[in-house]
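My notes follow, in the order I looked things up.

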Amino acid sequence: MPSYTVTVATGSQWFAGTDDYIYLSLVGSAGCSEKHLLDKPFYNDFERGAVDSYDVTVDEELGDIQLIKIEKRKYWFHDDWYLKYITVKTPCGDYIEFPCYRWISGEGEIVLRDGQAKLACDDQIHVLKQHRRKELETRQKQYRWMEWNPGFPLSIDAKCHKDLPRDIQFDSEKGVDFVLNYSKAMENLFINRFMHMFQSSWSDFADFEKIFVRISNTISERVMNHWQEDRMFGYQFLNGCNPVMIQRCLKLPDNLPVTTEMVECSLERQLTLEQEIEQGNIFIVDFKLLDGIDANKTDPCTLQFLAAPICLLYKNLANKIVPIAIQLNQVPGEENPIFLPSDAKYDWLLAKIWVRSSDFHVHQTITHLLRTHLVSEVFGIAMYRQLPAVHPIFKLLVAHVRFTIAINTKAREQLICEYGLFDKANATGGGGHVQMVQRAMQDLTYTSLCFPEAIKARGMDNAEDIPYYFYRDDGLLVWEAIKTFVAEVVGIYYEGDQVVEEDQELQDFVKDVYMYGMRGRKASGFPKSIKAKEKLCEYLTVVIFTASAQHAAVNFGQLFLGMYPEEHFVEKPVKEAMARFRKNLDSIVSVIAERNKNKKLPYYYLSPDRIPNSVAI
């Protein structure tokens, strides 16, 4: 009688093991086996991190194994089980891999197919087509779109974390990590002790230094010592936590009436302001998004204020970017003066503080929350709804949306919700942050997420003219490495443009992003469909770069880009492409490390060994 060797790998995260009864059935082209209880006498099966093997004997030949069915039944009490993968050794000695990487909750059955990535057009067998269709039907019931606030990208239909599908919830270890990191952040900022300080006027600049007491590293110490200097102020627009606002000034805006006479003490080339603009030496940061946004009124005893500044900057003869004029609100006039470096020391310093405050609000709510977290959630929901696990694009993207929906749901529960941390600690709390997202959605375009195009659109692409823009330099290296890897993977599964155009699952994924994530806004520039391999490569690069590198640049990263601990792909060509991808990333790490060697203020946020795969890893 034919005998198969079945190897079962249980996850290593907390509580991944199970004491429940596990049954397995093999589905082949010539028949289906009976259910077999996977159990070894006097042995504790399916423990956390275990890899267990079992001999399964069947009555007759099954033909080519197409699917395996796993059934879990209660032993004593319900406990979830995280199944990594199953391999099957056939009687003729072939090995078939069945990736899972899913939680199996309660009592029920899951059906797995072998790990070879397949487009829908590659499936000619009825049972495989049926499995593919049923998987998506089930997922579309689990992953539903919801409007959390009018004008926002749609999010997952879940009021709290425990309402999410089990497979995308934080596992216990990650959940504890989230809580501890949240608590640690609050502790670092003395959030309880200094809450009054945050929500009331400061009496002394020394109060600022108290924030750094518990945050001690090379960068924080240098910032603490030099934060009042114009050079540090300008540098932060290039390589700080919000390096996406600065742009080359091609013409002074009508609502910023700065003259040569006002700023001539800052200009070093003996040129007029207009001539400096023509030579590309003037830059601008405009916070018009904040104009008219309601300041936080959740504490009636504390008055809070917002500015909507315009800041003019200058590239001096040392190629350093420094501020030369600041107007704190959008409408010029006697009550809205233009502050200059030649003003009294503290007048100028306070003007810069207001700009930095505005930069913080845009960074937190738009650059970070909207343009990485919420956008990545859109890609994640659309992926789960429209791409089956066997689809190569699902296998490519799944690591880059891991825990994204979970962390965003936690944020809606604890951070940006009514009475959450934003309301307690931010001047845009109490609804201002919601207004900001609603307004910023009008500027959220597909092109603005394409890193090279976004840099070019701001006139910041010339490395010779702007030599110290490390966010640009490192970002372009990482973008190209990702795009090269994506192109290799796409080339393995799509022979030509026609295959891309006829992949209905892919088209449904792209359409879901456009219709629900971008709310069907034609002006967003997001494609409704993709008809060419080249455009598909760019689109997938946007998804991966946004979730990994862009988030790391504006959130400060950990690591893992290029590392795929869950092996959804089993094909050798893809594994080879992954190896080349990691090699390219390693070379970028070396380039960045060499550049940072002698720098007093190194920039490493886009070094691949510090870039997490997703916004939540």
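I started with Cys537, which counts as buried at 9% relative accessibility; my cut-offs are buried under 20% relative accessible area, exposed over 50% and partly exposed in between, with a 1.4 Å probe and protein chains only. Before going on, I noted that this is a predicted model, where local features need pLDDT of at least 70 and side-chain atom pairs count only at pLDDT 80 or more, while totals for chains, interfaces and linings use all residues. Residues are numbered from 1 along each chain as its sequence is written, and side-chain values use heavy atoms, with hydrogens and water left out.

I take a disulfide as a pair of cysteine sulfur atoms within 2.5 Å. By that test I find zero disulfides in the structure. Cys249 is in none either, since its nearest cysteine sulfur, that of Cys311, is 11 Å away. Cys249 is also buried, at 2% relative accessible area.

**Second largest pocket**

Next I looked at the second largest pocket, with a volume of about 1,200 Å³. On a 1 Å grid over the protein atoms alone, a pocket is an open set of points where a 1.4 Å probe fits, with protein on both sides within 12 Å along at least five of seven lines; lining residues have an atom within 4 Å of a point. Grid points are joined across faces, edges and corners, and the volume is the space filled by probe spheres set on the points.

I got 49 lining residues, and the closest to the centre are Arg102, Ile110, Glu135, Arg139 and Asp167. Elements giving two or more residues are strand 8 (95-104), strand 9 (108-113), helix 1 (126-142), helix 10 (392-397) and helix 11 (404-414). Helices here are DSSP runs of H or I with at least four residues, strands are runs of E with at least two, and both are numbered from the N terminus. Which element gives the most to this lining? Helix 1 does, with eight residues.

Domain 1 (3-114) and domain 2 (146-175 + 368-610) each give at least three residues to the lining; the bounds come from an automatic or database domain assignment.

I traced an open, antiparallel sheet of five strands in the order 12-13-14-15-16. Two strands pair if DSSP finds at least two bridges between them. Strand 12 (247-248) and strand 16 (338-339) are the edges, each pairing on one side only. Two bridges join strand 15 (residues 321-327) to strand 16, and Ile326 stands opposite Phe339 of strand 16.

Most residues other than glycine have a negative phi, so I looked for exceptions. Phe15 has a positive phi near 60 degrees; it sits in the loop between strand 1 (3-10) and strand 2 (21-28) and is exposed at 62%. Arg519 has a positive phi of about 60 degrees too. Its loop runs between helix 18 (504-517) and helix 19, and Arg519 is partly exposed at 31%.

Last, I checked Leu540 in helix 19 (residues 533-555), which is buried at 0%. Its C-alpha is 9.1 Å from that of Ile482, 58 residues apart along the chain.
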